[in-house]
Amino acid sequence: IYKTNQKKESLKKKRINPTIQRKVFKAIESLAKDNNYSFVLDKSKNSNILYADPKYDKSDAIIRKLKK
């Protein structure tokens with residue numbers, strides 16, 4: 001039981017409140033737009049793209065290509 005509770009607590013700590021998360025991402029997007037950044041990257045070990053200018057989104061082009 002102790003290990004199960006430890007795991008639950010660990011998972012709770014890793015989660016970010018959705019309201020705070022939205023505020024953080026809005027701030028990142030605002031900073032990127034204000035400074036004309038095309039991308040904002042997370043510098044942690046498991047790096048992610050936190051913001052990308054929509055003009056670089058090629059999803060529709062890829063879907064069109066796949067439908068041919």
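Trainee: Rings of Phe, Tyr and Trp (its six-membered ring) pair if their centres lie within 6.5 Å, with planes under 30 degrees apart called stacked, over 60 edge-to-face and the rest tilted. How many aromatic pairs does that rule give here?
Mentor: The count comes to 1 aromatic pair. Phenylalanine 39 and tyrosine 56 form this tilted pair, 5.1 Å centre to centre with 35° between the planes. Keep in mind that this is a predicted model, where local features need pLDDT of at least 70 and side-chain atom pairs count only at 80 or more, while totals for chains, interfaces and linings use all residues. Residues are numbered from 1 along each chain, and side-chain values use heavy atoms, without hydrogens or water.

Trainee: Where do those two residues sit in the chain?
Mentor: The pair links distant parts of the chain, 17 residues apart. Phenylalanine 39 belongs to strand β1 (residues 39-41), and tyrosine 56 lies in the loop between β2 (49-52) and α3 (59-67). Those helices (H or I, at least four residues) and strands (E, at least two) are DSSP runs, numbered from the N terminus.

Trainee: Why does tyrosine 56 count as partly exposed?
Mentor: Because its relative accessibility is 40%, and partly exposed falls between buried (under 20%) and exposed (over 50%), using a 1.4 Å probe and protein chains only. Phenylalanine 39 is also partly exposed, at 40%.

Trainee: New topic: how many salt bridges are there?
Mentor: The structure has 1, meaning a side-chain nitrogen of Lys or Arg within 4 Å of a carboxyl oxygen of Asp or Glu. Glutamate 29 pairs with lysine 33, and their closest N and O atoms are 3.2 Å apart.

Trainee: How far apart are glutamate 29 and lysine 33 in helix α2?
Mentor: They are 4 residues apart in α2 (residues 18-34), so about one helical turn separates them. Glutamate 29 is partly exposed, at 31% relative accessible area.
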